[in-house]
Amino acid sequence: MSLMEHGAVRPVTALAWTSNSSTCPKDFTLISITEDGAAANFTRSFAMKSGYYLCYSKDLKGGMVVSDIQLISDKDSIPHGYCFIAEHLEAKASVWKKKRVCVQVVPVGSVDTAVLDIKVTAKSKMMLQHYTYVGDVHGYVLWCRKGHFSNPMPQALPRSVSLDLRKLSIDQPVALLPLRPRNPPPPLPNNKLSQRRHSLRKKDAGDQSADGSIPVLTALDGVPFSLHPKFDIQANSTALQLNSQLNNIRIKSLQDIKNEYNYTFAVEESAAKRIRPSVPAVGVPSAQ
């Protein structure tokens, strides 16, 4: 069984025209002789001595492969997803434009089958087994063979293992490092009250309870406490006057309040009991 039937062959990655071996790109294979023994020199007319050749590459460094080849005339539009093959010619050379070769190039990982080989025969009744007819161009017939290809996987570079990793063992216990807070608390302001509170909190944190549990810290721990100047008696002189006024306030009992503010409404009651004088109606004769 051949290598192609096993799929152990690299696919064609590029196809191009070239004038000769000197203009043929690197990593390209030039097709100089047809399968029936003729020179594979594509010329436009018999009077011309120079021509051009087909060449192909199987270099997978670019990550692309040729999945299909078509031959179209100058009157046809190029199919979607296809492109004309490159031309590596001499300065005054040109390719015959009546029929042009176009290829479909796709990423190597997107397909399982691709073009594996390209053959050229003279325009005759010769048939190539296991090859697909592409078309005839300027007296030659172009053939290609498709199939599964081998995609060599890149080999991973050996990695050096340090001596510290080699010494690690599951059986050996690993010493745990002490935990440290990610965001330490901000420094406390420099005053006597805050320093005293900080020293007291530090002392309480060092002491543990009888059952060995760690005391729980609250959100107010470490927050400095001080009175507002408005309520600071030593700093505010008006607070002393206010304090003396508050001490002179006499607290009255309920009976004292009733005796002082008791009101009987006697004047209002006597005024309400007075008899209002009657007013005679206008136009009514009074009784004689």
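Lys119 stands opposite Trp143 in strand 10 of this predicted model. Strand 10 covers residues 140-148 and pairs with strand 8 in the antiparallel sense, over nine bridges.

These two strands belong to an open sheet of three strands, ordered 8-10-9, in which the pairing is antiparallel. Strand 8 (113-122) and strand 9 (132-137) stand at its edges; each has a single partner strand, so one side of each is left without a neighbour in the sheet. With direction ignored, neighbouring strands of this sheet are turned by 25° against each other on average.

Strand 5 runs antiparallel to strand 7 (residues 99-107), and two bridges join them. Within this sheet, Cys83 stands opposite Val103 in strand 7.

Away from the strands, the next feature concerns the surface. Tyr263, Phe265 and Val267 form a nonpolar patch there, and their accessible area together is about 340 Å². Tyr263 lies in the loop between helix 5 (254-261) and helix 6 (266-273). Its relative accessibility is 48%, and Tyr263 therefore counts as partly exposed, because the exposed class requires over 50% and the buried class under 20%.

Technical notes: Residues are numbered from 1 along each chain as its sequence is written. This is a predicted model: local features need pLDDT of at least 70, side-chain atom pairs count only at pLDDT 80 or more; totals for chains, interfaces and linings use all residues. Side-chain values use heavy atoms; hydrogens and water are left out. Patches are made of residues with over 30% relative accessible area and no salt bridge: like charges are joined within 9 Å, nonpolar side chains (Val, Leu, Ile, Met, Phe, Trp, Tyr) within 5 Å. Accessible areas come from the Shrake-Rupley method with a 1.4 Å probe; for residues, only the protein chains shown count as cover. A salt bridge is a side-chain nitrogen of Lys or Arg within 4 Å of a carboxyl oxygen of Asp or Glu. Helices (H or I, at least four residues) and strands (E, at least two) are DSSP runs, numbered from the N terminus. Buried means under 20% relative accessible area, exposed over 50%, partly exposed in between (1.4 Å probe, protein chains only). Two strands pair if DSSP finds at least two bridges between them. Axes are lines fitted to C-alpha atoms, for helices over the stretch in contact, and angles run from 0 to 180 degrees between N-to-C directions.
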